[in-house]
Amino acid sequence: MVDKKSLFNYLLRLGDDQQILSQRLGEWCGHAPTLEEDLALANIALDLLGQARSLYTYAGEVEGLGRDEDQLAFLRYENDYVNALIVERPNGDFAHTITRQFFYSVFMDLLWNGLLKSSDETIRAIAAKAVKEVDYHVRHSAEWVIRLGQGTAESRERMVDALDEFAIYTGELFEMDALATEMAEAGVGVDLAALRPQWEAEVNNILTDAGLEMPKVNWMQTGGRSGEHTEHLGHILAELQYMQRTYPGMTW
Amino acid sequence: MDREAIRRKAWEAAARVPDPEVPVVTVADLGILREVRVEADGAPVALVTPTYSGCPATRMIEHEVLKALQEAGFAAARVETVLSPPWTTDWLTEEGRDKLRAYGIAPPEKRSNSKRALFGETAVQCPHCGANETERVSEFGSTPCKALYRCTKCLEPFDYFKCL
């Protein structure tokens, strides 16, 4: 039997990652370089939001305290969020947003594929939907990595900057702490560390096509999974939670 | 009414509900309405499935299906969301595909794009003039289910219902 508290916390990690990145991508709405990109980033944000809703709804059921998706999304404090730090990083310029999306989508593609074999039926069902959506996200960001890498001297330089900034946030995605290990051993989760070689191979393939390379880093940023965040998360939550904090219990 | 008659009547009522975004097709045409079950007490339960995880129309569709069932005389009707098996564009009926085309939206090609095929473009037929000379403007369109295309023959832009 899987420990309910552990399963709940595991679902929160998955849900928080999708929700926070969705919120970040939503910031581009009305500001993207072209109309098509505005639509693309908003669409990806919407996919992630939908995935977050399914994950939070299920987390609330597992917890059994009557909390629904809205309460989990809007009424927790900063330190209760367990998303990876990469998703809360500011959007930066378009190259930064694309680089973050590329690193993250390639990871989620591998993770959702692994979760198709989860022993948990609901996680399997959520994964089966998400895996088809993340295909689009991988393709979209990979194409942009190549366009920007092979574009102008300036677009290339911005990609190099973005790779430098986000490389140190990729290690956390593969961390196997006590909870991740427990979930993997129970067959609910996936051995994240085992995904890393494939992630590196896929990322390197695209970077090679783009004429770029992964910066060498010997230190990785960490903390998000245990609720230790950068200063950016608080600002995201201030905006994200504004309505529920101002009008508690408000519904549409 | 026996259970089969209830099921059929409820199905017919629910199946007529139009999609809120593309009202030319019904929830049955899209394969969103999966089945109607009849509970022991005679209350019909419509099983609906979301298309894309984030499709904002999902709530609306549940609401409309429930309303249709209630208007058909089933006060105790319920709507349940099922995630598995996941919805796929293959569930679009032939009738639904024809209606989409007539409405100006190219129906999904049966074969999904491989994500390895970067910069690859599915050959999509223009729903206006029928030409195959079309190009993709963006893989993401005005709703989560659509991509933007342009016909290079008749020069008209059009939506393509993308594969999932």
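Predicted model: local features only at pLDDT ≥ 70, side-chain atom pairs only at ≥ 80, totals over all residues.

Author: Two strands count as paired if DSSP finds at least two bridges between them. The strands themselves are DSSP runs too (E, at least two residues), as are the helices (H or I, at least four residues), and both kinds are numbered from the N terminus.

Residues are numbered from 1 along each chain as its sequence is written, and chains are lettered from A and ligands numbered from 1 in the order in which they are written.

Start with the confidence. The mean pLDDT (the predictor's confidence in each residue, from 0 to 100) is 90 for chain B, with 95% of the residues of the chain at 70 or more. Taken element by element, the highest mean in chain B, 96, belongs to strand 2 (residues 44–48), and the lowest, 90, to strand 5. For the complex, the predictor gives a pTM of 0.93 and an ipTM of 0.85.

Next comes the overall layout. Chain B is made of seven strands and four helices. In sequence order they follow the pattern α-α-β-β-α-β-α-β-β-β-β. The C-alpha trace of chain B spans about 55 × 30 × 25 Å along its principal axes.

Strands of a sheet pair through backbone hydrogen bonds, either parallel or antiparallel. One sheet of chain B is open and has three strands, in the order 1-2-3, with mixed pairing. Its edge strands are strand 1 (33–38) and strand 3 (78–81) of chain B, and each of these pairs on one side only. From one strand to the next, the twist averages 25° (angles run from 0 to 180 degrees between N-to-C directions, and axes are lines fitted to C-alpha atoms, for helices over the stretch in contact).

Within this sheet, strand 1 and strand 2 of chain B run antiparallel and are joined by five bridges. To see where they meet, find B:Val36: its bridge partner in strand 2 of chain B is B:Ala46.

Helix 1 (residues 3–15) of chain B packs on it and touches strand 1 and strand 2 of chain B, where touching is a matter of contact (C-beta atoms, placed from the backbone, within 7 Å). The direction of helix 1 of chain B makes about 150° with that of strand 1 of chain B. Helix 3 (residues 57–71) of chain B also packs on the sheet, and it touches strand 1, strand 2 and strand 3 of chain B. Its direction makes about 155° with that of strand 2 of chain B.

B:Pro85 lies in the loop between strand 3 and helix 4 (94–103) of chain B.

Another open sheet of chain B has four strands, in the order 4-7-6-5, and its pairing is mixed. Strand 4 (105–106) and strand 5 (134–138) of chain B are at the edges with a single partner strand each, so one side of each has no neighbour in the sheet. The partner to look at for strand 5 of chain B is strand 6 (residues 146–151) of chain B: the two pair in the antiparallel sense over four bridges. B:Thr134 has B:Cys151, in strand 6 of chain B, as its bridge partner.

Phi of B:Leu155 is near 65°, which is a positive value in a residue other than glycine.

Last comes the side that faces the other chain. Chain B has 18 residues in contact with 26 residues of chain A. On the chain B side, eleven of the residues are nonpolar, five polar and two charged. Here Ala, Val, Leu, Ile, Met, Phe, Trp, Tyr, Cys and Pro count as nonpolar, Asp, Glu, Lys and Arg as charged, and the others, Gly among them, as polar.

Terms used: Contact = placed C-beta atoms within 7 Å.
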